Amino acid sequence: MKPEISTAFTEVAALEDRYQLATYKKMPIVAERGSGVWLYAADGQKYLDLYGGHAVAGTGHSHPHVVAALRKQADKLLFYSNLVYSGARARAAEKLASIAPPSLAKVFFCNSGTEANENAMRMARLATGRENVITFSGGFHGRTADAISATFLGMYRELGKPNVPGHVAAEFGDLESVRRLAGDSIAAIMLEPIQSMAGVRMAAPEFYEGLRRLCDERGIVLIYDEVQTGVGRTGEWFFAGSQAGAGVVPEIITLAKALGSGIPVGACLVSETIAGHIKENDLGTTFGGGMMAMAAVSATLEAIENDGMLANVKSVEAHLRESLASMSGVLEVAGKGFLLGLRFKEKAAEIHRSLLERRIITGTSSDPNVIRLLPPLCLSKPEVDLFVNALSEVLPG
Ligand SMILES: Cc1ncc(COP(=O)(O)O)c(C=O)c1O
């Protein structure tokens, strides 16, 4: 049942392999166009995309509202930096603040998740006058120097040597391990509230509550890296403030990935208290806050709202969980909303490959037995059924 390797694929792959650094193991697909949860390849095949290009296609591929907003903005002005005011930027900031937890009403725009995290840690250092940061084993925060030094997952930190000093790791879900490290030098505690790359790990609500209390007691800034969990992925706009996280709201939320529907954009949402410590020139960026990215942010948030995607995530997650409950090969479904980790007895790489042969794209993780699903927020129940049927064919017994 292997897909035929077409001429279209062979030619493009040869060219790309010749000129691009081989930093990714690629799927045998030449992506040509997309619509909703479907990715169309140059050879005419279509794929059910349950991965969304690393969780980016939150609104689905090429959502018409986002595309129209980008066309309109492109006709007017592609870019100008933060040295001028911009209606597109003002509207994006207002829109983002309107859906954020009420205490996080200020935003800093940048271009990616790693940058958002670097800026968040810098703001925490500026606000506290302290240097060190606690993160968690299994957390992933990006590949630039400070963010990779905060990433205690697999080989990443090693890749970032020499690391930025002052990063220490606690055990995710273990409050006592955090308390032991939370001394006078700690500026921030930063975490992925649901650890995605580690295989979709979530802590008990009391853990988030405990972190909030500890930070309040010791004057530490709490940072949620919501690069994956933000912008509707869990069925709420953010994990911050949600019931699963005991309603806890940090001082800073970092965002990227789905925020621009594919146009690169990152953001830090910050409290007034943190904002009060940031003055001119403390942070900066050339491209952050550019008009195309800002048009993408506003249109992305509007599309999620207009199409009722948050409610869709909740009801389709419930349908998926129900459908998987009767499959003996699925040992566990971890996570929330459309950030789900399916645990199997078998190796995830095998299942990923077999699903791909059936033209369904899923994600692996650093846990060899977990398949990750990060589909567009518009995934429907019939599309879930396609996946579940394919999975039942793929799983042995
Ligand atoms: C939780 C989390 N934080 C940060 C990043 C880094 O984002 P970017 O690749 O946009 O720099 C990622 C990327 O996978 C991520 O999953």
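Biologist: I'm new to this structure. How many residues lie between E2 and E3 in their hairpin, and which glycine in the turn has a positive phi?

Modeller: There are 4 residues between E2 and E3, and Gly-44 in the turn has a positive phi of about 95 degrees. Keep in mind that this is a predicted model.

Biologist: In what sense do E2 and E3 run, and how many bridges join them?

Modeller: E2 covers residues 38-41 and E3 covers residues 46-49; they run antiparallel, with 3 bridges joining them. To find your place in the pair, look for Tyr-40, which stands opposite Lys-46 in E3.

Biologist: And which way do the side chains point along a strand?

Modeller: Here's the general idea: in a regular strand, side chains alternate between the two faces of the sheet.

Biologist: With which strand does E3 pair in the parallel sense?

Modeller: That's E15, residues 360-361, and the pairing with E3 has 2 bridges. Here the residue to look for is Asp-49, as Asp-49 stands opposite Ile-361 in E15.

Biologist: Let's go to the ligand. Which residues are around the ligand?

Modeller: Among them are Ser-112, Gly-113, Thr-114, Asn-117, Phe-140, His-141 and Gly-142.

Biologist: On to the cysteines: how many disulfides does the structure hold?

Modeller: The count is 0. Take Cys-110: its nearest cysteine sulfur belongs to Cys-268 and is 5.2 Å away. The cut-off for a disulfide is 2.5 Å between the sulfurs, and Cys-110 is in no disulfide.

Biologist: Are Cys-110 and Cys-378 buried or partly exposed, and why?

Modeller: Under 20% relative accessible area means buried, over 50% means exposed, and partly exposed is in between. Cys-110 counts as buried because its relative accessibility is 1%, whereas Cys-378, at 29%, counts as partly exposed.

Biologist: What is the omega of the peptide bond from Lys-161 to Pro-162?

Modeller: Omega is near 0 degrees, and the bond is cis. You'll find Pro-162 in the loop between helix H7 (156-159) and strand E6 (167-170).

Biologist: Which residues other than glycine have a positive phi?

Modeller: Let me give you two cases. One of them is His-54, with phi near 65 degrees; His-54 is in helix H2, residues 52-55, and counts as partly exposed because its relative accessibility is 37%. Val-200 also has a phi near 65 degrees, but Val-200 is placed in the loop between strands E8 (194-195) and E9 (201-202). Its relative accessibility is 4%, so Val-200 counts as buried.

Technical notes:
Residues numbered from 1 in each chain as written. Predicted model: local features only at pLDDT ≥ 70, side-chain atom pairs only at ≥ 80, totals over all residues. Heavy atoms only, no water. Near = heavy atom within 4 Å. Pairing = 2+ DSSP bridges. Buried < 20%, exposed > 50% of the residue type's maximum accessible area, 1.4 Å probe, protein only.
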